[in-house]
Amino acid sequence: DEKDVARVRRKLDRASGMSLYKRMQRGTLAAGDIVAGKVRQASPRKSGTLRKSVKVRAARRRGFGAKGRSLTVLVGPMAPHRHLVIRGHRMVTPGGRYLGWRTRANPYVDRAAKGIERKAAQLVQKEWRALLR
């Protein structure tokens, strides 16, 4: 029942100095840091801007009653050209004329996260279990 869950959360929040949500989010962000390191290692080395721009941030929830709270973490490059490298793109002149060829996609973020997802999920579960004891 939602009322019971809310009651338990209030009790846990009063029991410690930091809210349960904040403590759970801290554990999720710690797991995101693990994934971010792997994404940085896998990023192309041509100029280094993609590698330097890899960030870990909490996702924003939208909608009625969301209050901006989410335990989802987003990990990836923030450089403005990231989508061009990851998905590939058509080659065009500055005037917009298509040259007849595309760049090859390099989905390095997906490849890097694929191998580490399970380890990150285990870390989050471990942190949350420790908080709920």
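Here are a few friendly notes on a pocket, a helix and a loop residue in this predicted model.

1. **The second largest pocket.** This pocket holds about 330 Å³ of space. Its lining has 20 residues, and those closest to the centre are Gly-32, Val-35, Val-73, Leu-74 and Val-75. By type, the lining divides into 12 nonpolar, 4 polar and 4 charged residues.

2. **Where the lining comes from.**

3. **The length and bend of α5.** With 25 residues at 1.5 Å a residue, α5 should span 36 Å, and its end C-alpha atoms lie 35 Å apart, so the two values agree. Do look at Ile-116 as you follow the helix, though: a kink of about 50 degrees in α5 is centred there.

4. **The buried side of the story for α5.** Ile-116 is also among the buried residues of α5, along with Tyr-108, Val-109, Ala-112, Ala-113, Ala-120, Val-124 and Leu-131. What do the buried residues of α5 pack against? Their partners are α2, α3 (49–52), β2 and α4 (82–87).

5. **Ser-43.** This serine sits in the loop between α2 and α3. Is Ser-43 buried or exposed? Its relative accessibility is 2%, and buried means under 20%, so Ser-43 counts as buried. Beyond its neighbours within four places in sequence, Ser-43 is in contact with Arg-51 and Tyr-108. Tyr-108 is one of the buried residues of α5 listed above.

Definitions and conventions: Residues numbered from 1 in each chain as written. Predicted model: local features only at pLDDT ≥ 70, side-chain atom pairs only at ≥ 80, totals over all residues. Heavy atoms only, no water. 1 Å grid on protein atoms, 1.4 Å probe; cavity = no way out; pocket = protein on both sides within 12 Å on 5 of 7 lines; lining within 4 Å. Points joined across faces, edges and corners; volume = space filled by probe spheres on them. Nonpolar A, V, L, I, M, F, W, Y, C, P; charged D, E, K, R; others polar. Helix = DSSP H or I, 4+ residues; strand = E, 2+ residues; numbered from the N terminus. Expected span 1.5 Å × (residues − 1). Bend = angle between axes of the 7 residues up to and from the residue. Buried < 20%, exposed > 50% of the residue type's maximum accessible area, 1.4 Å probe, protein only. Contact = heavy atoms within 4.5 Å.
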